[in-house]
Amino acid sequence: MANKRSGGGLSSVQQAAKFLGVSVLAGAIAAGIALPAAGALGLAAKGSVEGFDEIPANLKRPPLSQRTTILDNQGGRIATVYSRDRTVVELKDISPYMQQAIVAIEDSRFYKHGAVDLKGVLRALNRNAQSGEVSQGASTLTQQYVKNVFVEEAGDDPTLVAQATQQTLGRKIKELKHAIQVEEELGKKKILENYLNITFFGQQAYGVEAAARRYFSTSAKDLKLEQAALLAGVVQSPTRYDPVNDEQEATQRRNVVLQRMADLGNVSQAEADAAKEKPLGLKVSKPNNGCITAVKGAAFFCDYVREVFLTDPVFGKTKKARAKVWNQGGLTIRTTLDPQSQESVQASLKTHVYKKDKVAAASTLVEPGSGKVLAMGQSKPYGYGKNETEYNYSVDAKMGGSNFGFPTGSTFKPFLAAAALEEGKPANQVYPAPFEMPYPASVQTCSGKPWVNQGGKAKVENEDESEVGPYGLQEAMAKSVNTYFVQMLEDTGMCPVVKMTDKLGVVQGNGTKVPEVPSSLTLGSTGLSPLTMASAYAAFANRGTYCTPVAIESISQQLGGEKKSLKVPKSSCSRAMSESTADMINALLSGVVDSGTGQQAGLTDRDNAGKTGTTDFRKNAWFVGYTPKLSGAVWVGSATQKVKMVNITIGGEWHEKVFGGAVPGPIWKDAMAGALSGKDSGSFNPVRIPEVERPRDEDRDDEDNGDEDNRNGGNDNGDIGDIPDLPDPSFSIPEEWTIGGNGNNGGGNGNGGGTFP
């Protein structure tokens, strides 16, 4: 049975309203408006229709909304987005059959009358009176065009759309006056062109070009006789005559149009009869709209580009103004996305983490020195079904991501180290770093009011009992020794670290500043996004200069035949630390991938550096690393923070314990290797870190050297006390919660000094 959806045809109330409108309008015209005797097109008001002269004469014709195309940095199409699927074409690019068919069925006297067809009004009035219903309308193509302009201007506002289409005499009179203006200004050919570009043909297709592609996968200029007749017939009621859902009804309507064309002499009767015998011949192209259609797994990047447009003041002072430009469309947006990098990221994610896994993974690559986002992907596809998500785990909440971000674990430690070096601490700084210790009794803050460890309850410990200092900075970074960095924070104070993170653009996923508490500024209890982390680490690669991330290189907009360029956001680069500090961090983090917890992530063919991170109860695992030419962050975990990654299968591989070097590390390695394949590697500025002399126990040395987990990243240090399960990705930790502890990854003691309601 044919599927007849609501909206097909007119209801009895609508028929009555339309009949009344035609009748009253005809009376109004007969009483006060008459066709000129000869010469000019259109009608002239005689002044007897009340309110006619008060109607503004100028019809605002907003540019027609069109498709927006989003491209990668090589000009390849990522996705097409639109509020209305429309491609404006000139009359010469529309099949003559289409032009004849629409005139034949909608307004056969189009070329003979002015803005209103008085003969047609009287004929319709007579036939409708005889039938007792509205069997024939009286609006000319010009009047229909004017009404469509009102609808277009109303956009997606249901109230304005209702006002633009209401069956009242007032609207008819307003429509009439503007029709007179349009006839005088544009002429018949331009009116026909505009009408065919603005009108709705059903199936989300606005304008004849989109309709030709939707129903027949062809262009408007190549429409055949039977195809043109079908499209012309759809216009009166896109739902009732929808050929996709009701082939029989659509065929009957098409044949009515064909016969009308024959009656008017547009085609011969033989041609019309032959066309009637042909099947509809649909070759439907499904609507290809939105970021969900993006290629190369770039749907989340596509969505990020959209969010950038809707939130950045460069595109409009208000959200409403920016949304208007976006919905108008006609944009060609060339982005920073590098197809080679994007393909590599997505392939690596797909290999190492399956979409059906209990956890997800997200990765973002950023170019040091420019802030360009070159790749953005995640393991769970963009969508609304099972094992899909619309949340972009790589970005902050305001850009479509998690409200809290994800705790970063030990990947936060390089920020503390950079702040300490900037404060004059030597690169071979030694701290006792016992296996376990209380957090400092107090630590100075930016406000001058110190943070206090109430009752000495908040404690921190290292991953393994064998990790006992004293340690120098290089070894402490390679092994990710928690107690070392807590002592460094006590020595440095929190304010230098806060200032460093401010310079590196480090904010929580909900947009707020990093809190001044030891667990946050040493062990990564703060929720951050992969984009934030990749951009911050890019400053190390760029020898201390941080550049804000950017996703758009250029935008052009073509509406109404006019093409213009739009301003786009530019990356803002500023010095976050001295070159010598950045060089030292590069040397320290190179040690992490050479012989520390990140060995499984290390690249062998070029300079690279990075840091692992794993949070308490293994709910999050990170690897953030970089080469001189590319910075990337990888997060693995549960968006709801409910999955503890122990005795778990990820990507078809079983893990007793997940840590930053094991799952995120290989993802990063494969993604970076593919992204950089065939490209110049560059090199870090070499620096020498003075060696640290300290006594060692011979038995302990043997134990360390033989501990594969310790030396090869098997036991990356835990970072925070256990956080209660977060109910959903939009959850943010209330300020009244205090996270004061460190939970050790492997030991599971979780000596968190935090308190929770």
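C573 counts as partly exposed, at 41% relative accessibility (partly exposed lies between buried, under 20% relative accessible area, and exposed, over 50%, with a 1.4 Å probe and protein chains only). This cysteine belongs to a disulfide with C547 (a disulfide is a pair of cysteine sulfur atoms within 2.5 Å). The model is predicted, so local features need pLDDT of at least 70 and side-chain atom pairs count only at pLDDT 80 or more, while totals for chains, interfaces and linings use all residues. Residues are numbered from 1 along each chain as its sequence is written, and side-chain values use heavy atoms, with hydrogens and water left out.

**The chain as a whole**

- The protein chain has 24 helices and 24 strands. Both are DSSP runs, numbered from the N terminus: helices are H or I with at least four residues, and strands are E with at least two.
- Of the 757 residues in the protein chain, 55% are buried.
- Take the contacts between residues at least 6 apart in sequence: 72% of them join residues at least 24 apart. A contact means heavy atoms within 4.5 Å.
- The protein chain exposes about 31,000 Å², and carbon and sulfur atoms supply 48% of that area. Accessible areas come from the Shrake-Rupley method with a 1.4 Å probe; for residues, only the protein chains shown count as cover.

**Disulfide C547 to C573**

- The two sulfur atoms of C547 and C573 are 2.1 Å apart. The angle about the S-S bond is 115 degrees, and the link is right-handed.
- This pair links distant parts of the chain. C547 is in strand 16 (residues 545-547), C573 is in strand 19 (residues 573-575), and they are 26 residues apart.
- C547 has a relative accessible area of 6% and is buried.

**Disulfide C291 to C302**

- The structure holds 3 disulfides. One of them joins C291 to C302, with an S to S distance of 2.1 Å.
- This link is left-handed, with -70 degrees about the S-S bond.
- C291 sits in the loop between helix 11 (269-276) and helix 12 (299-311), and C302 sits in helix 12, so the pair ties together parts that are 11 residues apart in sequence.
- Both cysteines are buried: C291 has a relative accessible area of 8%, and C302 has 0%.

**Disulfide C446 to C495**

- C446 and C495 form a disulfide with their sulfur atoms 2.2 Å apart. The link is right-handed, at 110 degrees about the S-S bond.
- The parts of the chain that this pair links are distant. C446 is in the loop between strand 11 (442-443) and strand 12 (451-452), while C495 is in helix 18 (residues 494-503), 49 residues apart.
- C446 is partly exposed at 36% relative accessibility, whereas C495 is buried at 16%.
- With bonded cysteines counted along the chain, the disulfides follow the pattern 1-2, 3-4, 5-6.

**Aromatic rings**

- The count comes to 20 aromatic pairs. Rings of Phe, Tyr and Trp (its six-membered ring) pair if their centres lie within 6.5 Å; planes under 30 degrees apart count as stacked, over 60 as edge-to-face and the rest as tilted.
- F110 and Y111 form an edge-to-face pair, with 5.0 Å centre to centre and 70 degrees between the planes. F110 is buried, at 0% relative accessibility.
- The ring centres of F309 and F315 are 4.1 Å apart and their planes are at 15 degrees, so this pair is stacked. F309 is buried at 0% relative accessibility, and F315 is buried at 6%.
- One aromatic cluster is formed by F412, F415, Y537, F540, Y626 and F684.
- K188 lies over the face of F110, at 4.4 Å from the ring centre. A charge sits over a ring if NZ of Lys or CZ of Arg is within 6 Å of the ring centre and within 35 degrees of the ring normal.

- Strand 18 (residues 562-566) is hardly covered: among its 5 residues, the count of buried residues is 0.
- Strand 17 (residues 552-559) pairs with strand 18 in the antiparallel sense, over 5 bridges. Two strands pair if DSSP finds at least two bridges between them.
- The bridge partner of Q558 in strand 18 is K563.
- In a regular strand, side chains alternate between the two faces of the sheet.
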